[in-house]
Protein chains: 2
Amino acid sequence: MHASSPSGGNLFSGVAETLPEELFQPLLERPGVRVERILSRGHATPAGQWYDQSEDEWVLLLKGSAALEIEGEGKQRELLPGDYLLLPAHCRHRVTWTAAGEETIWLAIHLAAGSQ
Amino acid sequence: MHASSPSGGNLFSGVAETLPEELFQPLLERPGVRVERILSRGHATPAGQWYDQSEDEWVLLLKGSAALEIEGEGKQRELLPGDYLLLPAHCRHRVTWTAAGEETIWLAIHLAAGSQ
């Protein structure tokens with residue numbers, strides 16, 4: 001078998017100076033799994049809105065900082081570089097803030113649900 | 001549906017002072033996908049040995065530094081924080097060095113082959 005060549009990049013590079021919208025950039029996609037880089041700068045989930053996803057999401061904060069609110073938890077969870085979290089499907093959550101003065105870089109792995 | 005609670009940690013914490021062996025620590029496992037943290041400190045693949053894996057591996061260097069040799073490539077690939085690489089199944093490779101004075105921390109996603 002002839003294997004194909006490795007391909008890669010750097011998760012800290014190629015970040016635009018301004019980010020009018022949060023950016024979701026696909027890195028890898030396979031059946032049941034999707035890996036993406038997310039770039040935020042001061043973005044937050046609008047008040048009263050929640051993410052309610054049909055897939056599990058494993059999220060890792062690589063740079064910057066952010067806070068997540070999980071429905072039913074009294075206290076926000078502040079995330080710093082290296083912090084990761086498994087958000088089970090239908091665990092309602094929102095991003096309450098991301099750092100305003102620098103970009104926040106996330107790695108997200110979306111996993112097909114129903115396979116736990 | 002009642003969703004379970006998020007669970008998490010920090011990829012930079014819980015690193016032992018000494019690492020007699022390279023450490024492979026599972027973070028998440030689902031059908032077709034396995035995520036792990038790898039800790040190295042001066043470790044390398046023994047001379048003449050190659051990894052030849054039946055699964056694709058997406059690898060991200062989070063801290064420290066390392067170099068990979070890909071069979072058939074004349075030049076090693078040096079990896080710094082943020083660098084990622086998709087190593088297709090059966091792409092023979094070896095780690096020629098990892099930083100000796102600090103730990104090198106990797107995130108690896110192993111993906112079932114044959115699904116490209």
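**Exercise 1. Which residues of the largest nonpolar core touch the most other members?**

Conventions come before the solution. This is a predicted model, where local features need pLDDT of at least 70, side-chain atom pairs count only at pLDDT 80 or more, and totals for chains, interfaces and linings use all residues. Residues are numbered from 1 along each chain as its sequence is written, chains are lettered from A and ligands numbered from 1 in the order in which they are written, and side-chain values use heavy atoms, without hydrogens and water.

*Solution.* 
1. A nonpolar core is a set of buried Ala, Val, Leu, Ile, Met, Phe, Trp, Tyr and Cys residues joined through side-chain atoms within 4.5 Å. Buried means under 20% relative accessible area, with a 1.4 Å probe and protein chains only.
2. Name the residues. The largest core has 31 residues, and A:Trp58, A:Leu60, A:Leu107, B:Trp58, B:Leu60 and B:Leu107 touch the most other members.
3. In chain A, strands S3 (33–40), S4 (56–63), S7 (83–87) and S9 (104–111) each supply at least two of its residues, and so do strands S3 (33–40), S4 (56–63), S7 (83–87) and S9 (104–111) of chain B. Strands are DSSP runs (E, at least two residues), numbered from the N terminus.
4. Zoom in. Beyond four places in sequence, B:Leu107 touches residues including A:Trp58, A:Leu60, A:Leu107 and B:Glu36. Contact means heavy atoms within 4.5 Å.

**Exercise 2. Describe the interface of chains A and B.**

*Solution.* 
1. Count residues. 42 residues of chain A contact 42 of chain B.
2. Take the area. About 3400 Å² is buried between the chains, and carbon and sulfur atoms give 66% of this. Buried area is the accessible area (1.4 Å probe) lost by two parts on being put together, summed over both.
3. Find the top contributors. A:Pro6, A:Arg30 and A:Tyr84 supply 20% of the area that chain A buries against chain B, more than any other three residues.
4. Check charges. Two salt bridges link the chains. Side chains of B:Arg30 and A:Asp56 form a salt bridge at 2.7 Å, N to O. The cut-off is a Lys or Arg side-chain nitrogen within 4 Å of an Asp or Glu carboxyl oxygen.
5. Locate the main strand. S7(A) gives the largest share of chain A's side touching chain B, five residues.

**Exercise 3. Is B:Glu36 buried or exposed?**

*Solution.* 
1. B:Glu36 sits in strand S3 of chain B.
2. Apply the cut-off. B:Glu36 counts as buried because its relative accessibility is 8%.
3. List neighbours. Beyond four places in sequence, B:Glu36 contacts residues including B:Phe24, B:Trp106, B:Leu107 and B:His110.

Conventions
Buried means under 20% relative accessible area, exposed over 50%, partly exposed in between (1.4 Å probe, protein chains only). Helices (H or I, at least four residues) and strands (E, at least two) are DSSP runs, numbered from the N terminus.
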